[in-house]
Amino acid sequence: MRPDITYAEAVREALDYCLGQNENVFVVGEGVPDPKRIFNTTAGLLEKYGPQRIMDMPLSENALTGVCIGSGLLGMRPIMVHQRTDFAYLALDQIINNAAKWNYMFNGQGEVPIVIRMMIGRGWGQGPQHSSSPQALFSHIPGLKVVMPTRPHDAKGMLIQAIEDNGPVIFLEHRWLHHMKEAVPEGPYREPLGKARIVRTGDSLTLAAFSYSVIEATKIADTFKRHEVEIEVIDMRSTSPMDHQTVVASVRKTGRLMVLDTSWITCGVAAELVSRVSEEAFNELKSPPARVALPDVHTPTSPTLSQEFYPTPEAIGKKILNLLEIKPSSTKGQKILSGLITEGPLDVPFLDFKGPF
Amino acid sequence: MSNLITEQVKLYYEMLRIRLVEEVLAERYLEEEMRCPMHLCIGQEAVPVGVCSALKTSDMVFGNHRAHGYYLAKGGDLNRMIAEIYGKSDGCCGGRGGSMHLIDLRVNFMGSTPIVAGTVPLGLGTALASQLKGKDQVTVVFFGDGCFEEGVVHESFNYAALMGLPVIFVCENNEYSVYTHLKSRQPKRSMSKIAEAHGWEVDSGNGNDLNQVAEISRQAVSRVKSDGRPQFLEFDTYRWLEHCGPNDDDHLGYRSSDQVASWKKKCPVQYMENQLLSEKTITQKDLDSYRNSIMDEIELSFKFAQESSFPSPDTLYRFSNSDPF
């Protein structure tokens, strides 16, 4: 059994496998072959596959997205990479008007098998233009698949599946997941796009979460479990397609729903999930469904402000106590909340992080 | 007749065909059965025919909103174009695209879409793919003077020059972007010089002289291959009718009647017709027979379109890729 690998290494393994399998696959992005290798997710690939397949690019996101789409029309399978989601906005014309629409508007005569990887920034003062989380934006557009794997195992399996998918896939990688380690099979395997996964079972509340918020949800559920409250945690893994059926089945059991998201609350994916579950399991709900997401302001840079900006496990825990009708001031409530308090700086993914990116 | 002359007549025929198709479309648009915006290329027919005469079937072409000419010049199926404009299932996009979204992959007409500059980087993509695969193919992207102002065009100039892509941009400068004249949109300087500054090889000419367009295009295709550098071609031409729709809009006065009249005197179809007649390459009788032959073909294509069925509503979700709710 080999040692655990990080999410970043898992992404790298998926890329390596697909590049080896199919000569039509290539990777392109600002800094893809540079010394930092996109947080090590492309380490070793330039040396193995050469500069015609592991490509840097000028600062022309819109044009290069079009280049990827055009090459896709001739059967190539490009993987584009943006070190921050925010850079991708320069390419919205190509992503929305072409990638998402081409095969539909040309009646199946133009498949666009591209993957666009983008990183969601957080912490260390990333600030307003280096920290957005655009799953809602892209999921609103028909024709795009949008996925946000949380764990290394899913990162590898879903990236292989995404590269093999014949349509455009937006692949969102949260920066605070890149260093996380897990046992991951050495060979290739696929994980489905558009299918959620149950992380913890429980019968008192369904806690559905996206991307990094699954880590928070899991820690919160583990704390509640120590006080005999069993929360069912669901890692949604994708926002388009969105697997509300798994959440509906869970809510039929628990009667309560909270959804955690990594982006702003208004018009976010949590709203979509809550709508779908309410429509299908309204009579099973014992309390109104709840969402916890970012406030509708932009990410501030200073640590005291960003601490206020990102919901803490304690704040989420308080909301869960309300849903479960456990008074926060009660002994049980107090014990749970004190178990959720996080020590140390909140603007780093792990304590040894020294910045800058 | 020598091959060269036969070739000339063939190109004239293609130009006349586009002209007549556009005229019939304009006439029948008033029947209100072609329910989509339509941008006709009357007056601009020499550019598509001249450029495509230098291309092989395996070469690829991308178009824009005013694409009927490029589509037909590349060899696109007339029946499927008319059916598409009628919104029928036998249309080239099964009725999903209309006039503004045409495709015919049998002849590598890769697609035309109406977001100005949208297809420009796609042309770089197919050029890159053919380069990586070692294929002897050229990609042509057609656009107008307005498109030159879009940022992605300059990103594309930069990248194509950097990579030495086998791509040819053909800019039809008809001076107008809808109602807005070039002088309100660009400073007084040459577009070709900018392409050159980006590292491209450039050429330009009279877009209403089909022979000139054809010769310039032939040389550009040859240079792409021999020099390994992308090519920018700028042709002056003029749109006779309104930007979008079947009518002329001279009454709006945004273009002087003198200007319109002077360009109509330089009609590309008439110009070549006069040339061929005066050289006695063809006779008036030949012209009449071409015209009749083309009108018959057009009549049949409209019949095909009208007899074709509309797409069934249950095909709405086909090729949607993302699992609609």
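## A buried aspartate and its partner

Asp154(A) is buried, at a relative accessible area of 0%; here buried means under 20% relative accessible area, exposed over 50%, and partly exposed in between (1.4 Å probe, protein chains only). This is a predicted model, in which local features need pLDDT of at least 70 and side-chain atom pairs count only at pLDDT 80 or more, while totals for chains, interfaces and linings use all residues. Residues are numbered from 1 along each chain as its sequence is written, chains are lettered from A and ligands numbered from 1 in the order in which they are written, and side-chain values use heavy atoms, with hydrogens and water left out.

What does Asp154(A) form a salt bridge with? The partner is Arg197(A), and the closest N and O atoms are 3.8 Å apart. A salt bridge here is a side-chain nitrogen of Lys or Arg within 4 Å of a carboxyl oxygen of Asp or Glu. Asp154(A) sits in helix H9 (residues 152–164) of chain A and Arg197(A) in strand S9 (residues 197–200) of chain A, so the pair ties together parts that are 43 residues apart in sequence. Helices (H or I, at least four residues) and strands (E, at least two) are DSSP runs, numbered from the N terminus.

## Other salt bridges

Over all chains, a search of the whole structure finds 34 salt bridges. In one of chain A, the side chains of Glu325(A) and Arg256(A) meet at 3.5 Å, N to O. This pair links distant parts of the chain, 69 residues apart: Glu325(A) is in the loop between helix H14 (313–323) and helix H15 (331–340) of chain A, and Arg256(A) in the loop between helix H11 (244–254) and strand S13 (257–264) of chain A. Glu325(A) counts as exposed at 65% relative accessibility, whereas Arg256(A) counts as buried at 13%.

In chain B, Lys56(B) forms a salt bridge with Asp136(B), with 3.4 Å between the closest N and O atoms. Here the linked parts are 80 residues apart: Lys56(B) is in the loop between helix H2 (46–52) and strand S1 (60–63) of chain B, and Asp136(B) in the loop between helix H5 (120–132) and strand S4 (139–144) of chain B. Lys56(B) is partly exposed, with a relative accessible area of 35%.

## Where the chains meet

The contact (heavy atoms within 4.5 Å) takes 41 residues from chain A and 45 residues from chain B. About 3400 Å² is buried between the two chains, and carbon and sulfur atoms give 66% of this area. Buried area is the accessible area (1.4 Å probe) that two parts lose on being put together, summed over both. Leu74(A), Tyr104(A) and Gln109(A) supply 19% of the area that chain A buries against chain B, more than any other three residues.

Which kinds of polar link cross the interface? The rule finds zero salt bridges between chain A and chain B, but eleven residue pairs in polar contact, both at pLDDT 80 or more. A polar contact is a pair of N or O atoms within 3.5 Å; within protein, one must be able to donate a hydrogen and the other to accept it, and residues adjacent in sequence count only if both atoms are side-chain atoms. H4(A) gives the most to the side of chain A that touches chain B, with ten residues.

His101(B) is in contact with residues of both chains, including Met105(A), Phe106(A), Cys92(B) and Cys93(B). The side chain of His101(B) also reaches the backbone oxygen of Gly97(B) at 2.7 Å. His101(B) lies in the loop between helix H4 (78–85) and strand S2 (102–104) of chain B and counts as buried, at 15% relative accessibility.

## Nonpolar cores

A nonpolar core is a set of buried Ala, Val, Leu, Ile, Met, Phe, Trp, Tyr and Cys residues joined through side-chain atoms within 4.5 Å. The largest has 152 residues, of which Leu25(B), Phe169(B) and Phe232(B) touch the most other members. Helix H1 (residues 3–29) of chain B gives the most to this core, with twelve residues. Apart from it lies another core, of 33 residues, among them Tyr7(A), Cys18(A), Val27(A) and Trp176(A).

Methods: Lists of a residue's contacts leave out its neighbours within four places in sequence.
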